[in-house]
Amino acid sequence: MTSNQRPWQPVCPASELTPGKFAEFRLREKAREPAGMPLNGFVFLDNGTPRAYLNICPHLGIELNWMPGRFMDSDNLFIQCSTHGALFKPSDGECIAGPCQGDALTQLDLRERDGQIEIRLPE
């Protein structure tokens, strides 16, 4: 591993990922701004494909979910920010409605290894 590669972090067993369920986790790495703040993320299945994002709205830097594991809008089509109602496409995190329209969630690198879902911050 070179010094600029970020380490992989296991976050949940792959078997825990089922349609409609979100697994939340805390990253080992801390935020750059504000320095040292914990970073949280979530992983879920998007039409059978695992996806992982930081749990940070690009608008105000607040967590998206309004309850543990609750990230989707009432129609279960888009990830929704509980504070301002911004809507994000599950497939790529692009904001399609709300105050951060045109911005996107921070997608995390993701892999399955030995039955575990592992993530890391992108370079």
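Of the 123 residues in the protein chain, 37% count as buried. Buried means under 20% relative accessible area, exposed means over 50%, and partly exposed lies in between (1.4 Å probe, protein chains only). This is a predicted model, in which local features need pLDDT of at least 70 and side-chain atom pairs count only at pLDDT 80 or more, while totals for chains, interfaces and linings use all residues. Residues are numbered from 1 along each chain as its sequence is written, and side-chain values use heavy atoms, with hydrogens and water left out.

### Overall build

The protein chain has 0 helices and 9 strands. Its elements run β-β-β-β-β-β-β-β-β from the N terminus on. The radius of gyration is 14 Å, close to the 14 Å that the globule rule gives for 123 residues, so the chain is as compact as a globular protein of that length. That radius is taken over C-alpha atoms, and the globule rule is 2.2 Å times the number of residues to the power 0.38. Helices (H or I, at least four residues) and strands (E, at least two) are DSSP runs, numbered from the N terminus.

The C-alpha trace spans about 40 × 35 × 25 Å along its principal axes. Contact means heavy atoms within 4.5 Å. Among contacts between residues at least 6 apart in sequence, 43% join residues at least 24 apart.

### Strand pairing

Two strands pair if DSSP finds at least two bridges between them. Strands of a sheet pair through backbone hydrogen bonds, either parallel or antiparallel.

Strand S9 (residues 116-120) has two of the pairings described here. Strand S1 (residues 9-13) pairs with S9 in the antiparallel sense over 4 bridges. Within that pairing, Cys12 stands opposite Ile117 in S9. Strand S8 (residues 109-113) also runs antiparallel to S9, joined by 5 bridges. Here Arg113 has Gln116 in S9 as its bridge partner. S8 and S9 form a hairpin with 2 residues between them, and Asp114 in the turn has a positive phi of about 50°. How many residues of S9 are buried? The count is 4 of the 5, so S9 is largely enclosed by the rest of the structure.

A second hairpin is built from S3 and S4, again with 2 residues between the strands. Asn47 takes a positive phi near 50° there. S3 and strand S4 (residues 49-54) pair in the antiparallel sense over 6 bridges. Phe42 has Tyr53 in S4 as its bridge partner.

Further along, an open sheet of 3 strands has the order S5-S6-S7, with antiparallel pairing. Its edge strands are S5 (79-80) and S7 (95-97), each pairing on one side only. Strand S6 (residues 87-88) pairs with S7 over 2 bridges. Leu87 stands opposite Ala97 in S7.

### The loop between S4 and S5

Asn55 lies in the loop between S4 and S5. Asn55 is buried, with a relative accessible area of 2%. Leaving aside neighbours within four places in sequence, Asn55 is in contact with residues including Glu24, Asn40, Phe42, Ile62 and Phe71. Asn55 and Pro7 are 48 residues apart in sequence and 19 Å apart in space, C-alpha to C-alpha.

Arg70 is found in the loop between S4 and S5 as well. Arg70 counts as partly exposed, at 44% relative accessibility.

### Pockets

On a 1 Å grid over the protein atoms alone, a cavity is a set of points where a 1.4 Å probe fits but cannot get out, and a pocket is an open set with protein on both sides within 12 Å along at least five of seven lines; lining residues have an atom within 4 Å of a point. Grid points are joined across faces, edges and corners, and a volume is the space filled by probe spheres set on the points.

| Pocket | Volume | Lining | Lining by class |
|---|---|---|---|
| Largest pocket | about 510 Å³ | 25 residues | 14 nonpolar, 4 polar, 7 charged residues |
| Second largest pocket | about 320 Å³ | 17 residues | 9 nonpolar, 5 polar, 3 charged residues |

Ala, Val, Leu, Ile, Met, Phe, Trp, Tyr, Cys and Pro count as nonpolar, Asp, Glu, Lys and Arg as charged, and the others, Gly among them, as polar.

Ala31, Glu33, Leu39, Leu54 and Ile56 lie nearest the centre of the largest pocket. Strand S2 (23-30) and strand S3 (38-46) each give two or more residues to its lining. The largest share, 3 residues, comes from S3. In the second largest pocket, the residues closest to the centre are Gly20, Phe22, Leu45, Met72 and Asn76.
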